[in-house]
Amino acid sequence: MKRIAGMLLVALAVAGVLWADSALSITGAGATFPYPMYSKWFDEYHKKNSNLEINYQSIGSGGGIKQVTEGTVDFGATDGPKAYQDKHGFGILHFPTVLGADVPAYNIPGVTAELNFTQDAIAGIFLGKITKWDDPAIAGPNKGVNLPANDIVVVHRSEGSGTTYIWTDYLSKVSEEWKTKVGKGASVNWPVGLGAKGNESVAGTIKNTPNSFGYVELIYAIQNNMPYGRVRNSSGVFVKADLASVTAAAAGASKNMPDDFRVSITDAPGKTAYPISSFTWLLVPAKFSDTTKRDAIKGFVKWMLADGQNYTEALSYAKLPKEVVEKELKALNSVQ
């Protein structure tokens with residue numbers, strides 16, 4: 001009996017070693033904008049593939065780009081699409097994952113109304129030209145709301161951020177002064193404001209700072225129960241960020257998506273389009289030295305483009321258009 005028990009223990013130990021040898025860990029880093037979505041996806045995919053663990057660091061697009069190009073992670077993530085190469089000179093491919101939105105969030109004591117913001121008002125606040133909540137540029141589109149004469153406390157990201165790229169890309173399209181003086185980028189020289197790291201910290205800073213105003217990805221405003229405003233779009237309509245308005249912003253781009261998937265949909269045309277919308281992207285090396293990791297990442301992307309899209313709307317992200325999914329599946333074949 002003791003011999004049988006001993007043999008069983010040896011067998012279990014061997015099985016454990018074999019399982020450990022077959023287990024695979026994939027690492028990624030980057031954007032906080034899609035982190036709630038990615039966290040859900042990686043958890044669900046692990047349930048279906050227990051021998052694969054995908055670990056993702058939500059450190060901001062700038063950090064993710066740096067790490068994937070230096071080869072210290074297996075993939076990156078960004079909301080700011082640009083051409084990148086890894087340390088070996090191979091291209092970094094962009095794969096859109098979901099659609100999301102930056103929203104203007106605020107904390108004004110005694111004001112619970114859903115405010116309307118024009119392009120000029122948002123640009124003016126971030127340029128430091130509009131400094132009071134009762135400024136006519138804010139009060140005008142919000143008749144009947146008792147806005148205080150308090151100073152506006154501007155909050156922005158402190159690190160390289162794709163959420164910032166989306167926000168400044170939008171401001172550069174709607175404000176010539178912003179485009180000239182500040183411009184667009186994952187990191188810019190802010191004229192005014194307090195810096196906070198990550199969507200999580202920006203949301204927390206706004207929530208805990210009276211009279212503050214800043215930008216966060218939609219799901220962070222919802223999860224933190226923060227008020228956020230409608231934004232006037234290129235058709236002159238004040239639109240709230242939601243699944244329908246973000247999808248509407250992508251309508252034109254989805255039919256004419258470039259082969260590298262790098263496209264901006266801020267300030268998109270259409271009466272129902274929310275103007276500060278964006279795709280967000282996984283950054284995948286065009287060539288892998290480890291074919292096991294390559295196949296694992298390609299397997300995840302295929303699942304993400306199919307079953308994974310069914311999890312998006314519960315977290316306030318919009319599904320990818322079918323035309324984009326079909327194009328991505330073909331592009332995935334170029335990952336070697």
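Colleague: At what angle do helix 4 and helix 6 pack?

Modeller: Helix 4 (residues 119-127) and helix 6 (residues 162-174) pack at about 115 degrees, and their axes are 10 Å apart. Axes here are lines fitted to C-alpha atoms, for helices over the stretch in contact, with angles running from 0 to 180 degrees between N-to-C directions. Helices (H or I, at least four residues) and strands (E, at least two) are DSSP runs, numbered from the N terminus. Bear in mind that this is a predicted model: local features need pLDDT of at least 70, side-chain atom pairs count only at pLDDT 80 or more, and totals for chains, interfaces and linings use all residues. Residues are numbered from 1 along each chain as its sequence is written, and side-chain values use heavy atoms, leaving out hydrogens and water.

Colleague: Which residues make the contact of those two?

Modeller: Helix 4 brings Gln119, Ile122, Ala123 and Phe126, and helix 6 brings Trp167, Tyr170, Leu171 and Val174. Contact means heavy atoms within 4.5 Å.

Colleague: And how does that contact split by class?

Modeller: There are 7 nonpolar residues, 1 polar and no charged ones. Ala, Val, Leu, Ile, Met, Phe, Trp, Tyr, Cys and Pro count as nonpolar, Asp, Glu, Lys and Arg as charged, and the others, Gly among them, as polar.

Colleague: Why is helix 6 described as largely enclosed by the rest of the structure?

Modeller: Because 12 of its 13 residues are buried. Buried means under 20% relative accessible area, exposed over 50%, and partly exposed in between (1.4 Å probe, protein chains only). Among the buried ones are Gly162, Ile166, Asp169 and Val174.

Colleague: How far does helix 6 reach from its first C-alpha to its last?

Modeller: Helix 6 reaches 19 Å, close to the 18 Å expected at 1.5 Å a residue. The expected span is 1.5 Å times one less than the number of residues.

Colleague: Back to Phe126. What does Phe126 touch?

Modeller: Leaving out residues up to four places away in sequence, its contacts include Val154, His156, Trp167, Leu171, Trp190 and Phe213. Phe126 is also listed among the residues with the most contacts inside the largest nonpolar core, along with Trp133, Phe213, Phe279, Leu282 and Phe300. That core has 94 residues. A nonpolar core is a set of buried Ala, Val, Leu, Ile, Met, Phe, Trp, Tyr and Cys residues joined through side-chain atoms within 4.5 Å. A second, separate core of 7 residues includes Ala29, Ile65, Val73 and Tyr84.

Colleague: New topic: where is Phe261 found?

Modeller: Phe261 is in the loop between helix 10 (243-255) and strand 11 (277-285). Its phi is positive, about 65 degrees, although it is not a glycine. Phe261 counts as buried, at 2% relative accessibility. Asp267 lies in the loop between helix 10 and strand 11 too, and its phi is positive as well, near 55 degrees. Asp267 is partly exposed, at 21%.

Colleague: What about Thr97, buried or exposed?

Modeller: Buried, at 0% relative accessibility. Thr97 sits in strand 4 (residues 92-107), and its contacts include Tyr38, Trp41, Leu282 and Met304.

Colleague: Last one: is Ala314 buried or exposed?

Modeller: Exposed, with a relative accessible area of 73%. Ala314 is in the loop between helix 11 (291-305) and helix 12 (322-331).
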